[in-house]
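Dear colleague,

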Amino acid sequence: MFNMNPRVSDSPLDAPRDFKAYCQQVKLKFRAVVTAAVEMGAEVLVCPDVGCGVFGNEPKVLGTLLGEVLREPQAQNLNEVLVTGQVAFAEAVRKAAGGEKVELSPPAYFAAVYGKTGKSGGRGGRQPANPTVVVATVAAPASEGSGSRVTPVQQVAAPAAGGAESRGPSG
């Protein structure tokens with residue numbers, strides 16, 4: 001995935017300058033993963049919130065783009081999608097895969113690095129002090145007529161500071 005974190009010294013900042021081009025190229029990356037999985041005969045796809053950690057990509061943006069790809073015809077052969085990582089990523093995947101239209105705005109990275117102005121929709125290379133992380137969110141095809149290709153089945157949260165594990169259905 002693109003590096004949007006200027007503090008990463010072993011990888012260049014490589015996101016396209018234009019947010020629309022960035023979104024198109026990220027979708028191409030996700031589409032390649034989905035297409036390869038389908039061509040290999042996979043019934044289950046496991047996808048982390050790739051690039052949303054140290055590379056500083058916005059989880060809502062990437063999750064939305066993955067969700068949009070999961071609505072495309074080539075993804076229809078997948079029986080299950082397992083999404084791991086931040087809750088914001090998993091929720092964005094669920095919403096977009098369910099057909100919800102999300103208006104994406106350029107993360108702060110585009111203004112900070114390229115001097116673009118506009119709404120800042122994300123961190124752009126900064127990590128929150130204590131991000132909420134989902135260890136596993138299982139998504140399965142929805143029942144016919146529900147309008148959603150992906151339905152959350154189970155969400156397992158990362159251990160809390162005290163070591164307790166939180167489990168519960170996602171809605």
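C52 is buried, with a relative accessible area of 0%, where buried means under 20% relative accessible area, exposed over 50% and partly exposed in between, using a 1.4 Å probe and protein chains only. C23 is buried as well, at 12%. Please bear in mind that this is a predicted model, in which local features need pLDDT of at least 70 and side-chain atom pairs count only at pLDDT 80 or more, while totals for chains, interfaces and linings use all residues. Residues are numbered from 1 along each chain as its sequence is written, and side-chain values use heavy atoms, with hydrogens and water left out.

If a disulfide is taken as a pair of cysteine sulfur atoms within 2.5 Å, the count is zero. For C52, the nearest cysteine sulfur belongs to C47 and lies 9.3 Å away.

β1 and β2 pair in the parallel sense over five bridges, pairing being called when DSSP finds at least two bridges between two strands, and the bridge partner of P48 in β2 is T84.

Lastly, helix α3, which spans residues 87-97, has F89, A90, E91, A92, V93, A96 and A97 as its buried residues, and just after α3, G99 takes a positive phi of about 95°.

Conventions:
Helix = DSSP H or I, 4+ residues; strand = E, 2+ residues; numbered from the N terminus.
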